[in-house]
Amino acid sequence: MTTTFNHITVLKKETIDNLFPSESLLSCLKNKNEKELFFLDATLGGAGHALYLIDSFAQREELKNYQLNLIAIDRDLEAIQYAENLLNAKKNEFQNFNFKIFHDNFMNSQDLLSAHFPGQKFHGVYADLGVSSPQLDKSDRGFSFLQEGPVDMRMDCTQTLTAKDVLLTYSEKELVKIFFDYGEEPKSKKLAQCIVMDRSKGLLPVNNIKELAAYMKRVLAYPSNSRSHPATRAFQALRIEVNSELESIETLLNSIPQFVHDFGKAAFISFHSLEDRLVKRAMRNWQSGKMAKEKAEKQNDFNLPLHIQLCLYDNRKATFGKETPRGGIIPTEAEIANNSRSRSARLRCFEFHRTSENSNV
């Protein structure tokens, strides 16, 4: 059993503060005589955000008569074991709290929620899309080129595909695509050509992550005064491919409007431009109603809440809600000083509600 999971939670206060129920949501629940709030933590990790949510919930006078139900998902069994102990302890001290954890990819959120909580709308959803510090710091996970370890990079160690498999089996064309699309590596073609040529000769170092980083440094031949390690972009690309990260994020984002309560909120922390681009695009689609209209028109799918259907089809300028604050939130200088890995983080939040330019509802 994992006893330590040393991870500093990024943008913890900002995320949870922006997720708390609005007066509009509480008024809606009061009118329906509902006394339970459901939150989805799509990336449980070491439970940093979850614990802050529970503590904040317990301190809010306006929430004292509500039950907090936390549904959590994570791909990492070590993280789940650690977080479960913390949440059990918290449950013992706070009676108005229940939780359930799923070992899964958050791209399956909608199916999980439909199966285990049919018909339930969630009042808050959040996800930290970055790699956790324990994954980066543990040499046997193979994420970091700063220490010896296998060429692995799996967030979920029960899956089969590893970074070593990608390097040994992908074609040159496939390697060029992932290095360019997922790493934005300018020398993607050169790197892919060398990998394919050297692996055919048995010269590609695929058993040690530090040796692989040194190999990429030689191949890419960037100036010695580069601000980051030359292999950084290629390593990011391999990690994204192994874990289907962007596909998972996009699938989660596409499903969000299906299970979030009216006046519910969603928050996502991204750590590089590829992640943030997906989140920003999704929120713009939600704000314009574009995603929902296209889905309903294409599939004749009316699983959307009735008020949203009516809003979308009665008014072409309809919206699911708005990003608040627009442009997102970045860490303070104090947080960056305390945790340098937070420097690239950006939090984007969205509140769902029925509005349009021609409606006061």
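In this predicted model, Ala-50, Leu-51, Ile-54 and Asp-55 of helix H3 make contact with Leu-86, Leu-87 and Lys-90 of helix H4. The residues in this contact comprise five nonpolar, no polar and two charged.

**Helix H3 against helix H4**

- Helix H4 spans residues 77-93, and its axis lies 10 Å from that of H3, at an angle of about 10 degrees.
- Because angles under 35 degrees count as roughly parallel, H3 and H4 are roughly parallel to each other.
- On the H3 side, the residues that meet H4 are Ala-50, Leu-51, Ile-54 and Asp-55.
- On the H4 side, the residues that meet H3 are Leu-86, Leu-87 and Lys-90.

**Helix H1 against helix H3**

- Helix H1 (residues 12-19) packs on helix H3 (residues 48-59) at an angle of about 50 degrees, and the two axes are 9 Å apart.
- This angle makes H1 oblique to H3.
- The crossing of H1 past H3 is right-handed.
- From H1, the contact draws on Lys-12, Lys-13, Thr-15, Ile-16 and Asp-17.
- From H3, the contact with H1 draws on Gly-48, His-49, Tyr-52, Leu-53 and Ser-56.
- Sorted by class, the residues of the contact between H1 and H3 are three nonpolar, four polar and three charged.

**Strands S1 and S2**

- Strand S1 (residues 36-41) runs parallel to S2, and six bridges join the two strands.
- Within this pairing, Glu-36 has Gln-67 as its bridge partner in S2.
- Strand S2 covers residues 67-74 and is mostly covered, with eight of its eight residues buried.
- One side of S2 carries Gln-67, Asn-69, Ile-71 and Ile-73, all of which are buried.
- Leu-68, Leu-70, Ala-72 and Asp-74 point the other way from S2, and these residues are likewise buried.

**Strands S4 and S5**

- Strand S4 (residues 122-128) pairs with S5 in the parallel sense, over six bridges.
- Val-125 has Ala-266 of S5 as its bridge partner.
- Strand S5 (residues 260-270) is largely enclosed by the rest of the structure, because nine of its eleven residues are buried.

- Phe-263 is located in strand S5.
- The phi angle of Phe-263 is near 75 degrees, which is positive although the residue is not glycine.
- The relative accessibility of Phe-263 is 23%, so this residue counts as partly exposed.
- Met-153 lies in the loop that connects helix H6 (133-137) and helix H7 (163-169).
- The phi angle of Met-153 is also positive, near 75 degrees, in a residue other than glycine.
- Met-153 counts as buried because its relative accessibility is 0%.

**Cis peptide bond at Pro-325**

- The peptide bond that leads from Thr-324 to Pro-325 is cis, and its omega is near -10 degrees.
- Pro-325 belongs to the loop between strand S6 (318-323) and helix H16 (333-338).

Methods
Residues numbered from 1 in each chain as written. Predicted model: local features only at pLDDT ≥ 70, side-chain atom pairs only at ≥ 80, totals over all residues. Heavy atoms only, no water. Axes fitted to C-alpha atoms, helices over the stretch in contact; angles between N-to-C directions. Helix = DSSP H or I, 4+ residues; strand = E, 2+ residues; numbered from the N terminus. Parallel < 35°, antiparallel > 145°, perpendicular 65-115°, else oblique. Left-handed = near helix turned anticlockwise from the far one by under 90°. Contact = heavy atoms within 4.5 Å. Nonpolar A, V, L, I, M, F, W, Y, C, P; charged D, E, K, R; others polar. Buried < 20%, exposed > 50% of the residue type's maximum accessible area, 1.4 Å probe, protein only. Pairing = 2+ DSSP bridges.
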